[in-house]
Amino acid sequence: MTRLHAAALACVATLCVSTTAWAESPVSGIAEVKFGGYQPMIDSEFGGATPFADYYADDLWFLEAEWDLYLYDGIGKLGLGLHAGYASTTGDIRSADGVSGDEVPGETSFSVIPLRASIVYRYDYSAIHHGIPLVPVLKAGLDYHLWWVTDGSGETASVDGFQGEGAKAGWHASLGLNLLLDVISPRTAAIFDLNWGVNNTYFFAEYMISRVDGFGGPGFDLSDDQLLFGLAFEF
Amino acid sequence: MRIMSTRACASALAALGALACAAPAFALTPTTGTEVTLTQVSGFSRYVYQLDDAQTTAFMGVDECVDAIEQDAELTVQFTTSRSFTDVLADDLFEAAYTFSVDRDSTTAVSCAGNEVCTTLDRDEDLTITTTAIQVSLSARELFQISDPVDCATVEDDAEFFVRLTWDADRSTEGAFSTADMRFVLDTTRPDAPTSVTALATESTVSVSWEDSSSGDLDEYALVYATASFSGGVLPTEVTEALSSAKLQRVADNESNSQDVTADLTPEVTLYVALAARDEAGNYSELSDAVETTVVDTIDFWEAYREAGGQEEGGYCAHTPAGSPGRAPWLMMLFGFVALARVRRQR
């Protein structure tokens with residue numbers, strides 16, 4: 001066995017034994033902040049046209065906060081969560097003739113506020129009782145995404161009486177893996193709990209599938225498959 | 001309130017180095033006293049384009065000058081003190097109140113004691129004294145030595161006019177007076193017009209770029225555009241008064257030489273665009289040469305989406321096909337969450 005292997009084993013052993021070294025305050029829920037890229041499937045509505053990609057070439061930066069309350073605490077935790085996020089991007093407006101070649105002034109933006117409600121299951125039994133600092137998380141629920149488009153003057157875009165703003169309903173499901181950060185410094189975690197009531201802190205990655213197209217209705221398809229990263233604070 | 005002498009306001013003064021200050025634009029900076037400070041300049045906001053951050057310098061341009069002279073305005077300056085003013089103005093403390101003028105940007109310090117270029121204000125007639133404040137009210141015509149409004153535009157050189165209180169705050173060192181000043185900058189010199197103006201317009205934006213004006217006291221630039229033809233070389237207000245379609249809009253501070261301005265224009269029409277510089281006293285330069293451009297018809301993402309055949313119509317009543325769950329489950333979950341939170345809080 002090399003020294004490296006020995007050090008790794010010692011580290012894992014330390015992590016495993018150090019997670020339950022203090023008396024925690026009662027746990028009632030968890031708050032998450034996460035970010036990632038977002039590229040709605042708006043162009044999927046068309047056979048060949050790609051108006052969204054033409055104006056907004058890059059992924060939107062996506063930020064979301066989530067607040068879960070636990071309903072069950074036994075073999076893992078089952079809860080109900082609410083999410084609210086924000087994503088926005090801007091692109092240059094274009095000349096109508098498309099061939100003028102002029103770099104016309106003005107920008108058009110596309111913004112989304114995703115609102116979600118989820119059933120959340122966190123399998124943290126092994127983390128609590130066996131010192132394994134990894135917590136798989138499953139979520140599924142319903143979505144309602146507010147969106148709006150601005151024209152070159154920054155006002156809500158409008159065409160033939162149709163305002164460029166609205167909302168779409170849909171659903172989502174996600175699988176995440178949380179790394180319990182408390183094992184890095186149990187003493188700091190204990191102080192965090194004592195001062196702020198935060199029992200556990202996690203870094204996590206989450207893969208989320210969302211289908212937000214009015215449950216198959218016409219118009220915008222705000223669906224996407226996203227890889228998100230964030231921090232979670234269990235309280 | 002009357003100014004006692006009219007000759008004294010006409011020239012710059014001899015120096016005493018103690019009060020000199022070397023700021024690049026206004027070397028002769030108004031002083032503030034250890035006990036008496038200028039706290040309010042009131043009653044003449046319509047005659048002042050702007051005050052500096054310290055509130056001790058008032059900038060007046062040609063328009064403000066014309067207005068003040070036409071109205072025979074009184075410019076009131078108020079000083080206050082933490083001591084009783086009757087105390088400060090006691091014979092052994094109070095030295096005098098003066099007015100004097102210097103060329104703009106003069107670097108020469110001025111001491112009024114025994115200096116005939118300062119006009120001494122009459123303590124009984126020119127000062128209104130309470131226990132905590134002293135007001136100095138000055139006739140604009142007498143302070144600026146201008147009686148005809150037309151002269152506001154023909155004065156050759158800009159000037160700075162000071163109102164000064166002096167007193168012996170130290171009381172132990174003879175002749176070591178403290179001073180508190182208010183300065184009026186009368187700027188009758190219009191800045192040079194910007195050059196090399198280019199413009200591009202869409203329905204919602206006018207984009208302009210230019211070469212900077214060479215004047216040293218620029219504050220900002222202003223854009224004039226109209227669908228009717230006009231020429232440069234005149235003041236912006238002349239164009240806006242003559243043409244109903246003309247718009248005058250601030251475009252940028254003096255740090256920029258290009259900017260996009262929000263507009264509401266009709267595509268494909270011809271637009272005439274010119275630019276003017278504006279100085280710290282609010283004086284516009286003459287307009288640059290007007291340039292002609294055609295308003296470009298543009299499309300934003302929403303227009304492009306609709307033109308491509310997109311079915312989205314907007315609105316917040318989410319369209320859902322028959323048999324789909326729609327919004328009801330989502331709302332039920334929301335209400336459930338709120339109810340759960342309330343129950344847990346009550347526990």
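The legends below describe close-up views of a predicted model.

In this predicted model, local features need pLDDT of at least 70 and side-chain atom pairs count only at pLDDT 80 or more, while totals for chains, interfaces and linings use all residues. Residues are numbered from 1 along each chain as its sequence is written, and chains are lettered from A and ligands numbered from 1 in the order in which they are written.

**View 1. A barrel of eight strands in chain A.** Strands (E) are DSSP runs of at least two residues, helices (H or I) are runs of at least four, and both are numbered from the N terminus. In chain A, eight strands close into a barrel in the order E1-E2-E3-E5-E6-E9-E10-E11, with antiparallel pairing; two strands pair if DSSP finds at least two bridges between them. Neighbouring strands of this sheet are turned by 25° against each other on average, direction ignored, where the axes are lines fitted to C-alpha atoms, for helices over the stretch in contact, and angles run from 0 to 180 degrees between N-to-C directions. Seven bridges join strand E1 (residues 29-38) of chain A to strand E11 (residues 224-234) of chain A in the antiparallel sense, and A:Ile30 has A:Glu234 in E11(A) as its bridge partner.

**View 2. An open sheet of three strands in chain B.** The strands of this antiparallel sheet follow the order E11-E12-E15. Strand E11 (195-201) and strand E15 (258-262) of chain B each have a single partner strand, so one side of each is left without a neighbour in the sheet. Strand E12 (residues 205-211) of chain B runs antiparallel to E15(B) and is joined to it by five bridges, and B:Ser207 has B:Asp260 in E15(B) as its bridge partner.

View 3. B:Phe161 and B:Phe184 are 23 residues apart in sequence, and their C-alpha atoms are 5.0 Å apart in space.

**View 4. Confidence along chain B.** Chain B averages a pLDDT of 79, pLDDT being the predictor's confidence in each residue, from 0 to 100. Among the elements of chain B, strand E16 (residues 270-279) has the highest mean pLDDT (95) and helix H7 (residues 328-346) the lowest (61). Where pLDDT is low, the predicted coordinates should not be read in detail.
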